[in-house]
There are 2 protein chains.
Amino acid sequence: MIPVIPDRPRFPTRAVDPIPNYAGRMGESGNRLDGREYQSWRAFHRMHDQLSLALNQHLQRDAGISEPDFQVLAALAEAPGQALRSRELREELQWEKSRLAHQLRRMEQRGLVLRDDCPEDARSATVRITDTGLAGVRTAAQAHAALVRELFFDALTPAQLDAFDEAGAAVIERLRQRCPAEAP
Amino acid sequence: MIPVIPDRPRFPTRAVDPIPNYAGRMGESGNRLDGREYQSWRAFHRMHDQLSLALNQHLQRDAGISEPDFQVLAALAEAPGQALRSRELREELQWEKSRLAHQLRRMEQRGLVLRDDCPEDARSATVRITDTGLAGVRTAAQAHAALVRELFFDALTPAQLDAFDEAGAAVIERLRQRCPAEAP
DNA sequence: GTAGTCTGGTTGACGCATCAACCTTTGGGA
DNA sequence: TCCCAAAGGTTGATGCGTCAACCAGACTAC
């Protein structure tokens with residue numbers, strides 16, 4: 001639950017720039033994002049959100065599954081024996097454990113995967129893809145890959161893609177250093 | 001609701017590469033993503049998800065608000081009169097109308113914004129930021145900008161940032177062309 | 001072998017996002 | 001004037017993601 005704004009001293013009521021240190025209209029100094037940074041930041045989010053939306057809609061239409069469904073199914077389909085322990089799946093996807101638990105519950109209800117006991121560790125379970133799940137991921141795979149290529153890779157020059165990769169690696173590394181608890 | 005896998009012919013049961021056209025282990029041909037593309041694609045998503053998580057956690061801790069809260073509050077705080085009609089807010093944020101309606105309902109319940117009737121159009125409403133909301137966005141703004149800079153901009157070289165911008169613009173343009181209905 | 005801790009996993013609550021259905025007002029036209 | 005389509009907005013259902021709390025089996029120390 002989102003708490004209410006914490007207690008804090010009130011600002012004076014005279015007219016000042018209302019959010020003086022975010023992306024304000026003044027050009028100078030400090031921690032504020034300048035106009036160019038602000039535009040870049042918003043463009044990054046728009047790109048991600050719109051890509052994600054388009055891919056989800058197409059997956060949904062073509063195969064009746066979502067992107068998270070697809071990620072799980074693809075990981076399982078590629079696994080030896082087309083099954084993985086939850087722990088392994090979690091590492092593969094880099095998901096939080098409760099996220100995976102919820103996702104698997106929904107997918108199990110829809111018959112895309114099933115879970116049975118793990119012989120080596122009684123706490124764990126083996127997640128197995130069903131025929132239905134396999135059919136779904138196969139239906140989705142080609143069209144999904146084609147769309148990712150069309151909307152993302154084909155829009156980028158090789159140099160842009162290189163820079164993109166390096167930038168992504170740099171940001172992830174920075175996150176790992178600065179927020180170690182939050183970026184496992 | 002997510003429909004079940006649609007009716008379709010069954011694949012032969014002999015052992016084949018389980019998802020033959022996504023990101024398989026074979027190097028060749030076709031619509032499949034190759035290994036490098038696949039890695040880039042996953043890295044992009046990881047970067048986005050982890051950035052988003054870290055920013056949300058810090059906003060939550062520092063000011064008790066979420067990223068969507070912050071976006072709405074920042075837009076309102078910068079608006080003339082610190083108020084906007086829903087329509088304008090929606091254009092500013094590029095959000096779907098029901099998304100905004102839900103978000104404003106939650107924020108109104110928590111006292112961050114309020115809505116009153118719009119004199120010019122009886123269908124519409126004027127969204128106004130409250131003192132509580134203003135306090136929240138002010139508390140959040142500097143720390144948020146600093147974190148965005150630290151985790152994102154400071155991790156990138158100028159050349160990477162340029163490439164990032166160009167890439168983002170290219171992808172958004174491609175989306176606009178190919179999925180016009182889905183990228184308003 | 002018993003206690004304490006660690007690890008793998010589940011659950012419930014809640015905010016976020018999308019979709020589809022719906023309501024009201026507006027603004028044209030016939 | 002009356003009708004009707006389009007626009008602005010809301011609502012309910014449902015999937016997704018996080019957090020905090022919890023549970024049970026496994027490991028370690030003693």
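**Labels and their cut-offs**

Reply: Asp62(A) has 29% relative accessibility, so Asp62(A) counts as partly exposed. Buried means under 20% relative accessible area, exposed means over 50%, and partly exposed lies in between (1.4 Å probe, protein chains only). Some ground rules follow. This is a predicted model, where local features need pLDDT of at least 70, side-chain atom pairs count only at pLDDT 80 or more, and totals for chains, interfaces and linings use all residues. Residues are numbered from 1 along each chain as its sequence is written, chains are lettered from A and ligands numbered from 1 in the order in which they are written, and side-chain values use heavy atoms, with hydrogens and water left out.

Me: Why is Arg61(A) called exposed?

Reply: Arg61(A) has 58% relative accessibility, so the label is exposed.

Me: What makes Asp62(A) and Arg61(A) a salt bridge?

Reply: Their side chains meet at 3.1 Å, N to O. A salt bridge needs a side-chain nitrogen of Lys or Arg within 4 Å of a carboxyl oxygen of Asp or Glu. Side chains of opposite charge can pair when their charged atoms come close. Over all chains, the search finds 26 salt bridges.

Me: Why is the pair of Glu92(A) and Arg42(B) said to join two chains?

Reply: The side chains of Glu92(A) and Arg42(B) form a salt bridge at 3.7 Å, N to O. Glu92(A) lies in helix H3 (residues 86-93) of chain A and Arg42(B) in helix H1 of chain B, so the bridge joins two chains. Helices (H or I, at least four residues) and strands (E, at least two) are DSSP runs, numbered from the N terminus. Glu92(A), with a relative accessible area of 35%, is partly exposed. Arg42(B), at 30%, is partly exposed too.

Me: What makes Asp69(B) and Arg110(B) a link between distant parts of the chain?

Reply: The side chains of Asp69(B) and Arg110(B) meet in a salt bridge of 3.2 Å, N to O. Asp69(B) is in helix H2 (residues 67-78) of chain B, Arg110(B) is in the loop between H4 and strand E2 (113-117) of chain B, and they are 41 residues apart. Asp69(B) has 1% relative accessibility, so Asp69(B) counts as buried. Arg110(B) has a relative accessible area of 21%, which means partly exposed.

Me: Which residues are linked in a network of salt bridges?

Reply: Arg85(A), Glu120(A), Asp121(A) and Arg123(A) are.

Me: Why is the pair of Phe152(A) and Phe44(B) called stacked?

Reply: The ring centres of Phe152(A) and Phe44(B) are 5.4 Å apart and the planes are at 20°, so the pair is stacked. Rings of Phe, Tyr and Trp (its six-membered ring) pair if their centres lie within 6.5 Å; planes under 30 degrees apart count as stacked, over 60 as edge-to-face and the rest as tilted. Phe152(A) lies in the loop between helix H5 (131-151) and helix H6 (158-178) of chain A, and Phe44(B) in helix H1 (residues 35-63) of chain B, so this pair joins two chains. Both Phe152(A) and Phe44(B) are buried.

Me: What makes Phe152(B) and Phe153(B) edge-to-face?

Reply: Their planes are at 85°, with 4.9 Å centre to centre. Both Phe152(B) and Phe153(B) are buried. The structure holds 14 aromatic pairs over all chains.

Me: How do you know that Arg99(A) lies over the face of Trp95(A)?

Reply: Arg99(A) is 4.1 Å from the ring centre of Trp95(A). The rule asks for NZ of Lys or CZ of Arg within 6 Å of the ring centre and within 35 degrees of the ring normal. Arg99(B) lies over the face of Trp95(B), at 4.1 Å from the ring centre.

Me: What makes Ser124(B) a polar contact of DNA strand D?

Reply: A side-chain N or O atom of Ser124(B) is 2.3 Å from a phosphate oxygen of DNA strand D. A polar contact is a pair of N or O atoms within 3.5 Å; within protein, one must be able to donate a hydrogen and the other to accept it, and residues adjacent in sequence count only if both atoms are side-chain atoms.

Me: Which residues come nearest to DNA strand D?

Reply: Of the 27 residues around DNA strand D, Arg106(A), Gln57(B), His102(B), Arg115(B) and Ser124(B) come nearest. A residue is near a strand if one of its heavy atoms lies within 4 Å of it.
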